Amino acid sequence: MSKNLSFLNFNDNHEKRVVCSALELAERSRNSRTRVSSFLNIREQKLIKTALLSDGSLCFAFYGGFNDSERKLLVIFDDYTMHSMLLEPGCIEPDDSIIKLCEETVSDELSLIKISCSDFVRLSHRDYMGAILSLGIDRSTIGDIVPQDDHCAYVFVLTSMASFVCDNLTCVGRTPVKTEICSDFSRVHLKHNFQSSQVVTTSLRFDCVLSAITGISRDKSKTLIKQGLAELNYYSKASPDDSVTDGDIISVRGYGKYKIDDSSGVTSKGKSRITVLKYI
């Protein structure tokens, strides 16, 4: 497979290394066995998908443990699996049969940990994230963190790190927590929780939307974007005039993470009315 990646617009050398690792994984899958990567964010998945599709002979999918997952593993199917399952080359959108195949493939490499605390304490996604990353482990070993309520959350991890996380994650902030590895994560029904709201903006430009959802001025929005403190789909080099559309993820340091749910609304004065989901 060609390693000329000049057609990809990388954020930094880290992204290039992630894509190169995926290409090497793809080479090892040929005439061998199905291969699985570590966890990838949405932008990394997009870059890898583009790179692998340029080859034209590979069959692969992304799987994160549940339907609504954001961070996912790359699953590259070997030739035998492709032929036996009648899979066509390309990126497969998971249906029930592909999800089952992915579950079987990653069963030894993916674990789900339940984290719980006292009913008198309220913990957020940010609290769990900070506590887990403070253990000094690489972000690529951690999948989605999914709070179920104020007192309980689930986190997907590579199995190689599951025992380490359980043994060392004793507190989230100053709150003592209990951890346990779920025996069968396919039976745990997970979904992200959002706080929905509607905002009005004069334009679907990145800086205008950012200003509307955070309540800060447009000038400050531009500054955050240019400083790389506001990302569009995990791209830190986005331009203030980039267009925002349904499904886009906006992350703003100090303000949280948002998903654009519906950007088709229009007010009586011709402005855009956007439904925004804030991760909680």
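## Pockets and ring pairs

The largest pocket has a lining of 50 residues, and those nearest its centre are His 125, Met 129, Arg 139, Tyr 234 and Lys 257. Keep in mind as you look around that this is a predicted model.

**The largest pocket**

- The space in the largest pocket comes to about 1,400 Å³.
- Helices H1 (13-29), H2 (42-53) and H5 (125-133) each supply at least two residues of the lining of the largest pocket.
- The element that gives the most to the lining of the largest pocket is H1, with seven residues.
- Sorted by class, the lining of the largest pocket holds 17 nonpolar, 16 polar and 17 charged residues.
- Lys 257, one of the residues nearest the centre of the largest pocket, also lies over the face of Tyr 279, at 4.3 Å from the ring centre.

**The second largest pocket**

- Here the space is about 1,000 Å³.
- Of the 43 residues that line the second largest pocket, Ile 42, Gln 45, Ser 69, Glu 70 and Lys 72 lie nearest its centre.
- Two or more residues of this lining come from each of H2, strand E2 (59-63) and helix H4 (96-106).
- H2 gives the most to the lining of the second largest pocket, with seven residues.
- By class, the lining of the second largest pocket has 20 nonpolar, 12 polar and 11 charged residues.

**Aromatic rings**

- To describe a pair of aromatic rings, you give the distance of the centres and the angle of the planes.
- The count of aromatic pairs in this model is four.
- Phe 60 and Phe 62 form an edge-to-face pair, because their planes stand at 85°, with the ring centres 6.0 Å apart.
- Phe 60 and Phe 62 are both buried.
- Phe 156 and Phe 185 are also edge-to-face, because their planes stand at 85°, with the ring centres 5.6 Å apart.
- This pair links distant parts of the chain, 29 residues apart: Phe 156 is in strand E7 (residues 152-158), while Phe 185 is in the loop between strand E10 (178-181) and strand E11 (194-201).
- Phe 156 has a relative accessible area of 1%, so Phe 156 is buried.
- Phe 185 is buried as well, with a relative accessible area of 12%.
- Phe 66 joins in too: ring pairs link Phe 66, Phe 156 and Phe 185 into a cluster.

Terms used. Residues numbered from 1 in each chain as written. Predicted model: local features only at pLDDT ≥ 70, side-chain atom pairs only at ≥ 80, totals over all residues. Heavy atoms only, no water. Phe/Tyr/Trp six-rings, centres within 6.5 Å; stacked < 30°, edge-to-face > 60°. Buried < 20%, exposed > 50% of the residue type's maximum accessible area, 1.4 Å probe, protein only. Helix = DSSP H or I, 4+ residues; strand = E, 2+ residues; numbered from the N terminus. Lys NZ or Arg CZ within 6 Å of the ring centre and 35° of its normal. 1 Å grid on protein atoms, 1.4 Å probe; cavity = no way out; pocket = protein on both sides within 12 Å on 5 of 7 lines; lining within 4 Å. Points joined across faces, edges and corners; volume = space filled by probe spheres on them. Nonpolar A, V, L, I, M, F, W, Y, C, P; charged D, E, K, R; others polar.
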